[in-house]
Amino acid sequence: MKNFVSVDDVEDMAALLHMANQYKNDPYATPQIGNNKILGLIFFNPSLRTRLSTQKAALNLGMHVMIMNFDKDGWALETEEGAIMNGNKAEHIKEGAAVMGQYCDIIGIRSFPNLEDRDLDYKEVTINGFIKYAGVPIVNLESAVLHPLQSLADLMTIEELKKKARPKVVLTWAPHVKALPQSVPNSFAQWMNRADVDFVITHPAGYELAPQFSQPATIEYDQQKAFEDADFIYAKNWSSYENYGKILSKDPSWMITNDKMKLTNHAHFMHCLPVRRNVVVHDEVLDGAQSIVIQQAANRLYAAQAVLKSILDSSTQL
Ligand code: CP
């Protein structure tokens, strides 16, 4: 694997899942493969799980890790070609990315959308700029549009816990106080649409995801109907794609409760975290036996380790 930006970078999903499972059984199976290799992790936005799981994954492979909170410690990056840089952005991504590529063998980047200009966000200028100018493999730690490390861990968790060959997986919108990116639901949809699952997305009208990610999933606007016979419920808030970045609803009746979970086939409850209790999901669900959010977060480590190993293998072969 050259880069890991979306599911499209994965040549063999089954093989990647197999490797992640092998690392879960034996995290230190390949301690030398990353010797003398540097993973640079740069964050334009906060993170708990992605930052720590990716760092630990690299350490398990024998890599060294350098972390930079770019929003606080880096120069503000200009991404526009031909920009006259007489404003507050001191460094162009052409130099910033190229310099980081001199110090790092792999670079991971977290860069959220601004949720103001859809075309600009969906162009993924930061992650694409790093791919273009860094000259080393790039790992998406959650970009403006996608969060593939999360989705790989989500799929791994579903595969671990499914009780039938083709489970019903429901991605449900849930209310939130803030406008959130579409990256997690976009990415989850992209991965589920390639997995052997019966995939349904439910949300209020106006929250349709970008069709390049959501299709060909079934869209069901009635949340309770969508929950019927579900084996996995994946809750997430997102802001509107059509009315870009806007909150169209805070309807609390979309919150996940035990009564709704009773409509399912004893479904497991999933969320990428962090989650706002009693806004997105009621305590009774999150603290109950059906919640698998901690196992899901634990699998982030093995997903990241498999991705880094695949990239290291590819760069060794060059
Ligand atoms: N799920 C996830 O990416 O968590 P963090 O934002 O804490 O990294």
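These legends describe close-up views of one predicted model. Residues are numbered from 1 along each chain as its sequence is written, and side-chain values use heavy atoms, with hydrogens and water left out. Local features need pLDDT of at least 70 and side-chain atom pairs count only at pLDDT 80 or more, while totals for chains, interfaces and linings use all residues.

**View 1**
Ser47, Leu48, Arg49, Thr50, Arg110, His147, Gln150, Cys272, Leu273 and Arg300 surround the ligand. A residue is near a molecule if one of its heavy atoms lies within 4 Å of it. The shell holds three nonpolar, four polar and three charged residues. Here Ala, Val, Leu, Ile, Met, Phe, Trp, Tyr, Cys and Pro count as nonpolar, Asp, Glu, Lys and Arg as charged, and the others, Gly among them, as polar.

A polar contact is a pair of N or O atoms within 3.5 Å. Within protein, one must be able to donate a hydrogen and the other to accept it, and residues adjacent in sequence count only if both atoms are side-chain atoms. A side-chain N or O atom of threonine 50 is 2.7 Å from a ligand oxygen. For arginine 110, a polar side-chain atom lies 2.8 Å from an oxygen of the ligand. For arginine 300, the distance is 3.3 Å. Taken alone, the ligand exposes 250 Å², and the protein buries 93% of that. Accessible areas come from the Shrake-Rupley method with a 1.4 Å probe; for residues, only the protein chains shown count as cover.

**View 1. The salt bridge of arginine 110.**
A salt bridge is a side-chain nitrogen of Lys or Arg within 4 Å of a carboxyl oxygen of Asp or Glu. By this rule the count comes to 13. Arginine 110 pairs with glutamate 142, their closest N and O atoms being 3.3 Å apart. Arginine 110 is in strand β5 and glutamate 142 in the loop between β6 and α7, so the pair ties together parts that are 32 residues apart in sequence. Helices (H or I, at least four residues) and strands (E, at least two) are DSSP runs, numbered from the N terminus. Both residues are buried. Buried means under 20% relative accessible area, exposed over 50%, and partly exposed in between (1.4 Å probe, protein chains only).

Glutamate 160 and lysine 24 meet in a salt bridge, 2.8 Å from N to O. Glutamate 160 lies in helix α7 and lysine 24 in helix α1, so this pair ties together parts that are 136 residues apart in sequence. Glutamate 160 is partly exposed at 29%. Lysine 24 is partly exposed too, at 27%.

**View 2. A buried helix.**
Helix α8 spans residues 183-192. It is mostly covered, with 10 of its 10 residues buried. Among them are Phe188, Trp191 and Met192.

Most residues other than glycine have a negative phi, and most peptide bonds are trans. Leucine 273 has a positive phi of about 65 degrees. The peptide bond from leucine 273 to proline 274 is cis, with omega near 0 degrees. Proline 274 sits in the loop between β11 and α12, and leucine 273 is found in the loop between β11 and α12. Leucine 273 counts as buried, at 15% relative accessibility.
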